[in-house]
Amino acid sequence: MDNLYYRGARIPAVATKNDWYLAVAYTVRDRIMNRWIKTLDTIMKKDVRVVSYLSAEFLMAPHLVNNMINLGIYEEMKEATASVWA
């Protein structure tokens, strides 16, 4: 809901499917980035060299759903947006 309100400047009553999609995508991105920052912190403490790549492809629908499943938030997100896709 925060991403729908603060990033999209929408309330549920007027939000389009695209507004909801973007809110979900931003939410997933935020959680992935949170994990990445924690990983980076661990790497920095161990003083090792790492080559990495974070792709923006997770914003596309198939990757978005896969990332929600991997983050363990799929069911919660499905419930939160059920009225949008009905």
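This is a predicted model: local features need pLDDT of at least 70, side-chain atom pairs count only at pLDDT 80 or more; totals for chains, interfaces and linings use all residues.

Modeller: Residues are numbered from 1 along each chain as its sequence is written, and side-chain values use heavy atoms, with hydrogens and water left out.

Colleague: How is empty space found?

Modeller: Rolling a probe the size of a water molecule over the atoms shows where empty space is left. A pocket is an open set of points on a 1 Å grid over the protein atoms alone, where a 1.4 Å probe fits, with protein on both sides within 12 Å along at least five of seven lines; lining residues have an atom within 4 Å of a point. The largest pocket has a volume of about 290 Å³, the space filled by probe spheres set on the points, with points joined across faces, edges and corners.

Colleague: Which residues lie nearest the centre of the largest pocket?

Modeller: Met1, Thr27, Arg31, Met77 and Ala80, out of 15 lining residues. Helices here are DSSP runs (H or I, at least four residues), numbered from the N terminus. α1 (2-7), α2 (17-46) and α4 (74-80) each give two or more residues to this lining. α2 gives the most, six.

Colleague: And the second largest pocket?

Modeller: About 210 Å³. Its lining has 11 residues, with Val24, Val65, Met68, Thr81 and Trp85 nearest the centre. Here α3 has the largest share, four residues.

Colleague: How do the linings divide by residue type?

Modeller: Ala, Val, Leu, Ile, Met, Phe, Trp, Tyr, Cys and Pro count as nonpolar, Asp, Glu, Lys and Arg as charged, and the others, Gly among them, as polar. The largest pocket has eight nonpolar, three polar and four charged lining residues.

Colleague: Is asparagine 3 buried or exposed?

Modeller: Buried means under 20% relative accessible area, exposed over 50%, partly exposed in between (1.4 Å probe, protein chains only). Asparagine 3, in α1, is buried at 11%.

Colleague: Which side chains does asparagine 3 join by polar contacts?

Modeller: A polar contact is a pair of N or O atoms within 3.5 Å; within protein, one must be able to donate a hydrogen and the other to accept it, and residues adjacent in sequence count only if both atoms are side-chain atoms. Asparagine 3 joins threonine 27 at 2.9 Å and aspartate 30 at 3.5 Å.

Colleague: How many aromatic pairs are there?

Modeller: Rings of Phe, Tyr and Trp (its six-membered ring) pair if their centres lie within 6.5 Å; planes under 30 degrees apart count as stacked, over 60 as edge-to-face and the rest as tilted. The count is one. Tyrosine 5 and tyrosine 6 pair edge-to-face, 6.5 Å centre to centre, with 80 degrees between the planes. Tyrosine 5 is partly exposed at 36%; tyrosine 6 is exposed at 70%.
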